[in-house]
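Hi there,

Here is the structure I promised to pass on to you. Have a look at it first, and then read my notes below.

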Amino acid sequence: MNIILLGPPGAGKGTQAKILAKKFKIPQISTGDILRGAVKDQTPMGIKAKGFMDAGALVPDSVVVGIVEERLAKEDCFDGFILDGFPRTVAQADALKEMLVSHGKAVEHVISVDVNKEELLQRITGRRTCKGCGRGYHTVFDPPRVDDKCDECGDGLYQRDDDSEETMRKRLDVYEEQTAPLVTYYSNESLLRSIRGTGSIEEIQQAILRILEGVRE
Ligand code: AMP
């Protein structure tokens, strides 16, 4: 099952992708996570990407297409994958189509997760992550028991560099300009289904599963 989760930053794609990955035993491929790993490890790619990411801009297509191409060639993707945060431009979508065709594959489902801008801003600017175990929190919706300390491992929490309000506004503008056209792109290919990304994690998961229903359990 080859799935793309489409939607603005903060729509909950990562959360839903993780649940689907577990359920269908296929990998979640998050270009944002891969890039953050490269930044942390200070690889040449990470050093190049950091400036774009901190500014809320997109990393050049050639870099992310290379990442995805390499990742999709791995054996764990043979039975399917969930792309989370890729493609983000029409050029990336074209490159994806080409690389899949060359392996006799295709995108099968594109699920657009829709959330309005004000809610996205509130969600993202309150987002915090544990430095130790990586568990996510939200200052309002899912706060830790003790301020700025992880409930699980007691380590400190941090805010992603690109989750400040200013950078988030920029990321939303970039989404509108460069990524939203993919809604039409995949509609034209009869692959797109949209769901409302508001409600509980479980409700949103059920909406996604209804779309995938009957495909494979
Ligand atoms: P995310 O975690 O998906 O919100 O991605 C964080 C940042 O990584 C984005 O704001 C971009 O700077 C970069 N990034 C992630 N995926 C892509 C992509 N497909 N194309 C370009 N830049 C990306």
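**Helix α5 and the cores**

The buried residues of α5 are covered by elements that include β1, α4, β3 and α8. Please keep in mind that this is a predicted model.

Which residues of α5 are buried? They are Gln92, Ala93, Leu96, Met99 and Leu100. These residues lie on the same side of α5, because the arc they cover around the axis is only 130°. On the face turned away from that buried side you will find Glu98 and Val101, which are exposed. The length of the helix works out too: with 12 residues at 1.5 Å a residue, α5 should span 16 Å, and the 17 Å between its end C-alpha atoms agrees with this.

Next, the largest nonpolar core. It has 30 residues, and those touching the most other members are Leu72, Leu83, Leu96, Val110 and Tyr186. At least two residues each come from β1 (2-6), α3 (44-54), α4 (61-72), β3 (81-84), α5 (90-101) and α8 (181-188). The largest share belongs to α4, with six residues. Leaving aside residues up to four places away in sequence, Leu72 touches Ile29, Cys77, Phe81, Leu96, Met99 and Leu100.

Another core, of 25 residues, lies apart from this one, and Ala21, Phe24, Val113 and Ile211 are among its members. Phe24 is in helix α1 (residues 13-24). Is Phe24 buried or exposed? Its relative accessibility is 4%, so Phe24 counts as buried, the cut-off being under 20%. Along the chain, Phe24 and Ile82 are 58 residues apart, yet 9.8 Å separates their C-alpha atoms.

Enjoy exploring!

Terms used:
Residues are numbered from 1 along each chain as its sequence is written. This is a predicted model: local features need pLDDT of at least 70, side-chain atom pairs count only at pLDDT 80 or more; totals for chains, interfaces and linings use all residues. Side-chain values use heavy atoms; hydrogens and water are left out. A nonpolar core is a set of buried Ala, Val, Leu, Ile, Met, Phe, Trp, Tyr and Cys residues joined through side-chain atoms within 4.5 Å. Buried means under 20% relative accessible area, exposed over 50%, partly exposed in between (1.4 Å probe, protein chains only). Helices (H or I, at least four residues) and strands (E, at least two) are DSSP runs, numbered from the N terminus. Contact means heavy atoms within 4.5 Å. The expected span of a helix is 1.5 Å times one less than its number of residues. The arc is that of the directions from the helix axis to the C-beta atoms.
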